Amino acid sequence: MKKLRILLVISLFFNVISNAQTIKSPSEFLGYELGSRFTRHHKVIDYFKYVSETSNNVQLEKYGETNEYRPLYISYISSKENIKNLEIIRKDNLKKTGLINGNSTSEIGIVWLSYNVHGNEASSTEAAMLTLYKLITEKQEWLKHTVVIIDPCLNPDGRDRYVNWYNQKKSNPYNINPDVIEHNEPWPSGRPNHYLFDLNRDWAWATQVETQQRLKIYNKWMPQVHVDFHEQFINSPYYFAPAAEPFHEIITDWQRDFQTKIGKNHAKYFDQNGWRYFTKEAFDLFYPSYGDTYPTYMGAIGMTYEQAGHGKAGLGITTENNTELTLRDRIDHHTTTGLSTVEVAAKNTTQMLTEFSKFFDNSNLKYKNYILRGALEKIEKVTELLDTHEIKYYAGNGKSVKVLNYHTKTTNTLKILENDLVIPTNQPKGKMVKVLFEPASKLTDSVTYDITVWSLPFAYGLQGFATETSIDLTANFSKSIHKTLKNQSSKNVYAYLHKWNEVSDAQLLGDLLEEGFNVRYSLADFSVEGHSLKKGTFIILKGENRHILNFNEKIEEIADRITKEFIPVSTGFVENGYDFGSSNYPLISSKKVAVLAGEGISSLNFGEIWHFFETQLKYPLNVIKKDHLSRISTTKYNVLILPSGFNASKKQLESLSKFTSEGGTVIAIANAINNFADKDGYSIKIKKEEDSSSTPKIDLTPFDQRERNYMKNSITGSIFKSTIDATHPLAFGYTNEYYSLKLSATSYNLLENGYNVGYFPKDSKNIAGFAGVNTLQNISNSLLFGVENKGKGQLIYMVDNPLFRSFWENGKLFFANAVFFN
């Protein structure tokens with residue numbers, strides 16, 4: 001027996017030596033020393049392909065493609081035996097969650113390492129290559145107990161944007177002076193993806209193709225550990241777990257403790273090398289759409305690791321203590337924490353897997369079901385998101401149950417209708433259901449890294465209810481099936497009508513305008529031939545579309561393409577309201593829309609607008625550099641959008657004034673409103689904090705309490721109920737109430753000369769999320785959405801961004817109204 005053990009040790013030793021000799025290191029494969037330059041994405045993938053073809057410890061899988069056609073890959077790294085049984089291990093792991101029925105016998109832990117979600121935090125992808133190499137050449141003992149999944153680059157488009165720019169601008173040799181061009185990226189930087197979205201805030205909302213494709217493969221594995229590798233400012237020490245407060249209340253004691261265990265192991269290696277680090281600060285575990293929180297709410301130990309550097313550091317830069325921070329340093333730090341993470345997981349596999357299985361017991365959750373009610377198309381949008389996360393949902397069963405009403409915050413009895421959507425927490429991902437649907441999350445600390453509320457009923461514009469009792473649910477929720485439009489004969493069709501209450505209706509309108517149809521919309525409610533229709537309904541009169549060949553067939557083709565259904569009517573004589581020949585049905589002109597882009601403008605807000613037009617409206621958008629605003633002929637455009645961050649020069653402000661006076665519409669979002677606020681000739685005014693005292697305010701807050709005291713004047717993403725003038729075209733499709741996601745404490749007075757289409761009434765308070773006590777008075781009687789006429793045109797003010805991260809679905813119709821109904 002002793003001889004056998006000796007032979008096994010010798011065999012393992014020579015196997016490791018053999019692997020090390022036959023597999024090239026990243027430097028050997030690339031032909032340059034790792035850290036001496038940035039590696040373009042395709043070369044990184046080449047290395048991962050090479051290793052998978054050379055080593056029997058590695059398997060590579062392509063899981064998707066970016067908007068710019070770059071491939072997305074993950075690599076599985078484990079022992080030879082585990083790689084052979086990868087599918088068995090995967091299915092057995094899902095049995096631990098309840099997603100697959102059966103008893104789990106596997107003792108293999110799953111550790112997932114994600115790199116470079118922010119493209120200009122580029123050291124992490126370099127570290128991914130070195131981590132892969134070291135795992136299969138030096139750390140094979142750990143691979144007996146773990147399957148390590150490496151995603152070397154979550155954001156290839158952003159990474160190559162940064163790397164290509166840096167390679168163009170760097171000095172030779174590189175310059176460590178922070179002032180030079182190679183350390184100062186231009187707008188929009190390499191941080192975001194193609195559409196300029198922050199992919200690290202998209203995990204839960206899955207608005208981007210990278211996220212959508214990644215979640216498919218993530219849900220197939222459900223790892224026990226997930227690490228998201230990042231970079232921060234150049235003078236910051238390395239950050240690793242444990243995370244900062246607030247922790248969401250569903251996070252278990254085990255998850256907290258195991259984070260600390262991993263952090264202490266990292267500290268051991270950092271102490272040995274004399275590297276600075278910190279823990280328990282800045283990066284909390286609350287907002288659900290991060291690369292650390294989303295996996296945590298799915299049962300994993302989710303962690304963020306932050307290395308100093310990002311797009312500022314380049315290949316090397318001088319820091320505050322007059323030492324040089326090099327790319328090689330950054331690679332070493334990330335490689336160390338990556339390997340240390342695998343080490344802790346491998347040495348604690350049994351306990352890790354036991355506690356992981358316990359996470360999926362949801363019997364102690366207070367609310368057993370969440371119920372959504374409202375427009376079917378809006379509910380179907382929610383089901384699409386739930387499908388992405390593989391969360392189960394059902395149709396209502398017609399029974400009555402006691403519920404908490406989200407909007408009134410009262411408890412009453414509700415009869416659950418067949419068209420209601422019911423999402424139970426008694427399912428494997430029940431804790432994620434709680435996080436996404438709870439009326440308000442419990443906040444243990446006001447100092448957070450992101451927004452503090454996201455409840456999906458508010459985000460999708462639906463009624464929300466929660467019940468503490470279980471419901472018998474058997475019926476699947478039936479999504480509407482578009483019926484092929486049965487056109488009436490051309491002899492008796494007078495017009496086609498379509499309702500207006502959801503953003504996909506705007507896509508249909510845009511298609512009609514692009515196809516050359518004359519389209520009108522109703523300024524008042526009306527009924528015709530038994531159909532009752534609301535303001536905003538658009539009408540296509542056959543008589544004024546004679547230029548459209550095969551009119552009926554063309555209508556049907558467009559409707560089928562977007563899965564919409566028109567209402568055909570044979571008369572323009574209405575039963576209630578105005579006949580179709582009335583001036584209450586203005587013509588909608590085809591819109592030429594432009595948006596400004598460039599330095600100073602929020603790349604995120606610009607990206608939200610760009611993404612909205614290209615992926616949801618599917619309507620042409622003209623992107624114009626802000627510096628060219630004064631040079632172009634604005635008469636070519638009907639609508640000009642000013643994203644947050646735009647700060648007009650005197651000449652640009654004159655151009656904007658000329659544009660509106662000649663009939664154009666300007667849409668100003670968030671702080672872009674300040675271009676007009678408190679200026680002569682404009683009605684919009686910044687709301688000043690009321691102070692009856694003439695004596696100066698003296699702040700005696702102790703130094704160590706200043707940050708928390710500052711939060712009294714802040715809003716970190718909070719829902720406020722607003723009052724809406726639903727008779728104004730900007731608000732068509734809405735009721736008299738709208739729940740707005742407020743991201744800033746800046747407020748504006750109600751317009752004295754204009755339309756206060758949306759506003760926060762007196763004594764307005766946040767429905768959910770954090771808002772500092774000093775902010776509430778200023779929000780009372782302040783503007784949300786306003787319209788100011790200017791010459792022949794108008795200015796539309798949007799104080800709160802209705803396109804925020806593309807997940808606040810209920811705000812998007814305001815934006816469509818601003819574009820088409822002006």
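Analyst: Start with aromatic pairs: rings of Phe, Tyr and Trp, the last by its six-membered ring, pair if their centres lie within 6.5 Å. This is a predicted model, and a search of the whole structure finds 63 aromatic pairs.

User: Which two quantities describe a pair of aromatic rings?

Analyst: The distance of the centres and the angle of the planes describe such a pair. Planes over 60 degrees apart count as edge-to-face. Phe-613 and Phe-815 are edge-to-face because their planes stand at 80 degrees, with the ring centres 6.4 Å apart. Phe-613 belongs to helix α20 (residues 603-617) and Phe-815 to helix α24 (residues 812-820), so this pair ties together parts that are 202 residues apart in sequence.

User: Are Phe-613 and Phe-815 buried or exposed?

Analyst: Buried means under 20% relative accessible area. Phe-613 is at 0% relative accessibility and therefore counts as buried. Phe-815 is buried too, with a relative accessible area of 0%.

User: Which residues do ring pairs link into a cluster?

Analyst: The cluster consists of Trp-205, Phe-286, Tyr-287, Tyr-290, Trp-454, Phe-804, Phe-807 and Trp-808. Rings also take part in contacts with charges. The charged end of Arg-37 sits over the ring of Tyr-32, 4.1 Å from the ring centre. Arg-214 lies over the face of Trp-203, and here the distance to the ring centre is 4.4 Å.

User: How many salt bridges does a search of the whole structure find?

Analyst: The idea is a side-chain nitrogen of Lys or Arg within 4 Å of a carboxyl oxygen of Asp or Glu. The search finds 39 salt bridges. Take Glu-138 and Lys-134, whose side chains meet at 3.4 Å, N to O. Both residues lie in helix α6 (residues 123-138), 4 residues apart, about one turn of the helix. Glu-138 is partly exposed at 44% relative accessibility, and Lys-134 is partly exposed at 23%.

User: Where do Asp-332 and Arg-328 lie?

Analyst: They lie in helix α13 (residues 327-347), also 4 residues apart, about one turn of the helix. Asp-332 is partly exposed with 25% relative accessibility, and Arg-328 is partly exposed with 30%.

User: What does the salt bridge of Lys-554 and Glu-515 tie together?

Analyst: The side chains of Lys-554 and Glu-515 meet at 3.5 Å, N to O. Lys-554 is in helix α19 (residues 551-561), while Glu-515 is in the loop between α18 (503-514) and β20 (519-521), so the pair ties together parts that are 39 residues apart in sequence. Salt bridges can also join into a network: Glu-121, Arg-191, Asp-198, Arg-201, Asp-450 and Arg-805 are linked in this way.

User: How do I read a sheet, and which strands stand at the edges?

Analyst: Strands of a sheet pair through backbone hydrogen bonds, either parallel or antiparallel. Here an open sheet of 6 strands runs in the order β14-β17-β13-β18-β15-β16, with antiparallel pairing. The edges are β14 (394-395) and β16 (411-415); each has a single partner strand, so one side of each is left without a neighbour in the sheet. Inside the order, 5 bridges join β13 (residues 369-373) to β18 (residues 463-467).

User: Which helices lie across β13 and β17?

Analyst: Helix α15 (residues 376-388) does, running at about 30 degrees to β17 (421-424). Helix α16 (residues 430-437) does as well, running at about 45 degrees to β13. As for burial, 8 of the 8 residues of α16 are buried, so this helix is largely enclosed by the rest of the structure. Its cover includes α11 (293-297), α14 (349-359), β13, α15, β17 and α17 (456-459).

User: Which residues of β29 lie on each side?

Analyst: In a regular strand the side chains alternate between the two faces of the sheet. In β29 (residues 665-669), 5 of the 5 residues are buried. Thr-665, Ile-667 and Ile-669 are on one side, with Val-666 and Ala-668 on the other, and both faces are covered. Strand β28 (residues 639-642) pairs with β29 in the parallel sense over 4 bridges, and Ile-641 stands opposite Ile-667.

Note on methods
Residues numbered from 1 in each chain as written. Predicted model: local features only at pLDDT ≥ 70, side-chain atom pairs only at ≥ 80, totals over all residues. Heavy atoms only, no water. Helix = DSSP H or I, 4+ residues; strand = E, 2+ residues; numbered from the N terminus. Buried < 20%, exposed > 50% of the residue type's maximum accessible area, 1.4 Å probe, protein only. Pairing = 2+ DSSP bridges. Contact = heavy atoms within 4.5 Å. Axes fitted to C-alpha atoms, helices over the stretch in contact; angles between N-to-C directions. Phe/Tyr/Trp six-rings, centres within 6.5 Å; stacked < 30°, edge-to-face > 60°. Lys NZ or Arg CZ within 6 Å of the ring centre and 35° of its normal.
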